[in-house]
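Dear colleague,

I am handing over the structure below, and after it I set out what was found in one part of it. Please read the notes with the structure open beside them.

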Protein chains: 2
Amino acid sequence: MNKAISDKVIGRLGQYRRLLGRLAEEGARFVFSHDLASMARVTAAQVRRDLMVLGASGNPAKGYSVSGLLEDIEAFLDAPDGQNVALVGVGNLGRALLAFFAGRSTKLRIVAAFDANPEKTGRVIHGCRCYGMDALEAEIQREAVTVGVIAVPADAAQEIAEHLIETGIRGLLNFAPVRLSVPANVYVEDIDMTVSMERVAYMARQNAVSLEKL
Amino acid sequence: MNKAISDKVIGRLGQYRRLLGRLAEEGARFVFSHDLASMARVTAAQVRRDLMVLGASGNPAKGYSVSGLLEDIEAFLDAPDGQNVALVGVGNLGRALLAFFAGRSTKLRIVAAFDANPEKTGRVIHGCRCYGMDALEAEIQREAVTVGVIAVPADAAQEIAEHLIETGIRGLLNFAPVRLSVPANVYVEDIDMTVSMERVAYMARQNAVSLEKL
């Protein structure tokens, strides 16, 4: 069943979880699909279809139970015992990612970082121990890592990806500004902050220009 | 003319620039559209359509000039005098972004950072000065900032976005895990690293499961 679920649905479920978490903090006990839809900027029909994947159904009068949905999403999205993550590349970006993800989730933990620079070996950065590249396979096996984060320069990324895939990792979050070539059974998500920044800058200029023309 | 160019094209041009920069470093003088396409994981026809936006045309025998394309893309994507960027939210993520973007581009500079915490006012982090929120409008005017980066918690992001838009900013790079409500003439790009990580973890698990079933 799960094989048919697209990564788009998974992304939206993650987003709903965040919104529901905020609603729960604010004391809300129930939520209607159209309210969740409006917060997530999708249609109410989309929300209902996505939540059907969880087998969740709302009460026509009160909507969905906030805590019930949170439990359903957690049961669906998270591995029961969590998943361990390895990060490769402890430069500015890698350190930033360690800082950002440290303590953020109990279910997804960056348990090891790797860098080709021997000066980084043995250091503990934001609670995460750094290893040399030669320790990659052994540490990934030992920690049963299933997710890899690539934060190395573009010209090293493909080799690192292949190395991670050889250890059995099937999901990669790639921050290197390069498209990785991977087998069909490996999922890659690219985050290219430089391209995003350039695009926002370009669009900002176009919007400012069109504004001046008014 | 520029108004018809989609953000997808802009993103790909940024990506081609990065790939061409690497080719130039490696000493390549010419490149065929199918080679650039293969590096960018798009079709050669797509590359040629995108490059037509620049008015660039290749030589059938030698392909496109690498340095020529780099110049064309720069002329198209970048503001001649560069653009200034302001970052709001100097927590873990904000500091990480300052570290990542510091010195990365001569055309896009984060010239000011803002945070509600008065302890951060006056500090210089990765070369960028921090200000209190009350200085936002004046600094943005003074530095002629045209791009805003939002790195505040979810519940503060909408208010910050409105504040930035009031100062005249028309492009936002949003790292807060929330969909912003903005006027049609404001471009927003969302980067949600937590949702991305969760999605990669989920897909990694599915791929590992399907592997075990073989």
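Two strands are said to pair if DSSP finds at least two bridges between them, and helices (H or I, at least four residues) and strands (E, at least two) are DSSP runs, numbered from the N terminus. This is a predicted model, in which local features need pLDDT of at least 70 and side-chain atom pairs count only at pLDDT 80 or more, while totals for chains, interfaces and linings use all residues. Residues are numbered from 1 along each chain as its sequence is written, and chains are lettered from A and ligands numbered from 1 in the order in which they are written.

In chain B, strand 3 (residues 83-88) runs parallel to strand 4, to which six bridges join it; L87(B) stands opposite A113(B) of strand 4, and V85(B) stands opposite I110(B). Between these two strands of chain B the chain passes through helix 5 (residues 92-101), and this β-α-β crossover is right-handed (with the strands pointing away from the viewer, the path from the first strand over the helix to the second runs clockwise).

Strand 3 of chain B is also joined by five bridges to strand 7 (residues 145-150), again in parallel, with A86(B) opposite G148(B). Strand 4 of chain B has two bridges to strand 6 (residues 128-131), and these run parallel, with F114(B) partnered by Y131(B).

As for burial (20 or more other C-beta atoms within 10 Å of a residue's own, with 12 or fewer counting as exposed, anything in between as partly exposed, and C-beta atoms placed from the backbone), six of the six residues of strand 3 of chain B are buried. Seven of the seven residues of strand 4 (residues 108-114) of chain B are buried, so this strand is largely enclosed by the rest of the structure.

With best wishes
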